[in-house]
Amino acid sequence: MNAYEYAIKANGSFALPDACFKVESLMEQEDSTIEDFANVISVDPSMTSRLLQIANSAVYSFPGEISTISRAITIIGTQAIYNMMLVDVAASAFKHFSNQAIDLKRFWRMSVFCGLATKNLAIKAGIRDIERLFVAGLLQNFGELIVAKVTPELATQCEAYNAELLPWSLQQQILNFTYTDITAELLKIWQIPEKIILPIKHYNQAHSIQINKDVKVLYLASRLALVDSDPEKFTYNETIDQSMCASLSITSEDLEAAAEFAGKEAESILAIMDAKFFSPN
């Protein structure tokens, strides 16, 4: 199977909610109003509740409480609302594809940690629209769950990475592509905006001079997440490419701050997204 075939199988069993397509369509219409967006979102009580939770979470850190969808849209903006909807979809999709072929607790924390670290590093690198990079970081490794669901024996083999053979290299050896390739194909099928897909699609080629800042930031964040997942096996010095940091004007102190931020906030975000689904109980 190739990456696209894995993505097709995933799309056949878990589709992006209609509300995401409707919100994306409204974003493309210049005459759309806040009420238009609120009307689409508010018909789903679960989505409304989840979005308000996320809007009031550490991801956005607003000083006052956001109590209505309309206010959330006014303060945060339609792009951020759409991104938060994707976060909610991620929570549902992760739960849908859960199984015992991989370490789900490790997978879940790495995904959230990567999203938070990507957002933090994006600020340091002077990138605008950082919320989309949180989504990219969160979703980038979704392909792992798909492989675990469709071909669990291959996912188990891909778990055997180490400091000498990093996850992406091992995936390439076993599958002939990486988990992020599957993720990118699935997000294309779901018609997710290209600016979210691009860093996921290309970040394993982050050493190319043509690659933009988004790709490099996601690359670095994924390495920080790997070190966080197993600090006894991986170290910053051996895992992080200092020349790439230099190209983004990111210092060692910036990396440490991003890792600290992501580690500190991961638990609250995990709670919001109901991450305890992986518990055997």
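**View 1. Cavities in the predicted model.** A search of the whole structure finds 3 cavities of 30 Å³ or more, a cavity being a set of points, on a 1 Å grid over the protein atoms alone, where a 1.4 Å probe fits but cannot get out. This is a predicted model, in which local features need pLDDT of at least 70 and side-chain atom pairs count only at pLDDT 80 or more, while totals for chains, interfaces and linings use all residues. Residues are numbered from 1 along each chain as its sequence is written, and side-chain values use heavy atoms, with hydrogens and water left out.

View 2. The largest cavity holds about 150 Å³ of space, a volume being the space filled by probe spheres set on the grid points, which are joined across faces, edges and corners. Its lining, made of residues that have an atom within 4 Å of a point, comprises 15 residues, and Met110, Asn141, Glu144, Pro167 and Trp168 are those nearest the centre of the cavity. At least two lining residues come from each of helix 7 (104-124), helix 11 (167-175) and helix 14 (213-229), where helices are DSSP runs (H or I, at least four residues) numbered from the N terminus. By class, the lining of the largest cavity has 8 nonpolar, 5 polar and 2 charged residues; Ala, Val, Leu, Ile, Met, Phe, Trp, Tyr, Cys and Pro count as nonpolar, Asp, Glu, Lys and Arg as charged, and the others, Gly among them, as polar.

**View 3. The largest nonpolar core and helix 6.** Within the largest nonpolar core, which has 104 residues, Leu121, Ile192 and Leu220 have the most contacts; such a core is a set of buried Ala, Val, Leu, Ile, Met, Phe, Trp, Tyr and Cys residues joined through side-chain atoms within 4.5 Å. Helix 6 gives the most to this core, with 12 residues. Because 15 of the 19 residues of helix 6 are buried, this helix is largely enclosed by the rest of the structure, buried meaning under 20% relative accessible area, exposed over 50% and partly exposed in between (1.4 Å probe, protein chains only).

**View 4. Leu121 and Asp254.** Leaving aside neighbours within four places in sequence, Leu121 is in contact (heavy atoms within 4.5 Å) with several residues, among them Val217, Leu220, Ile250 and Asp254. Asp254 is found in helix 17 (residues 252-272) and, at 14% relative accessibility, counts as buried.

Methods:
On a 1 Å grid over the protein atoms alone, a cavity is a set of points where a 1.4 Å probe fits but cannot get out, and a pocket is an open set with protein on both sides within 12 Å along at least five of seven lines; lining residues have an atom within 4 Å of a point.
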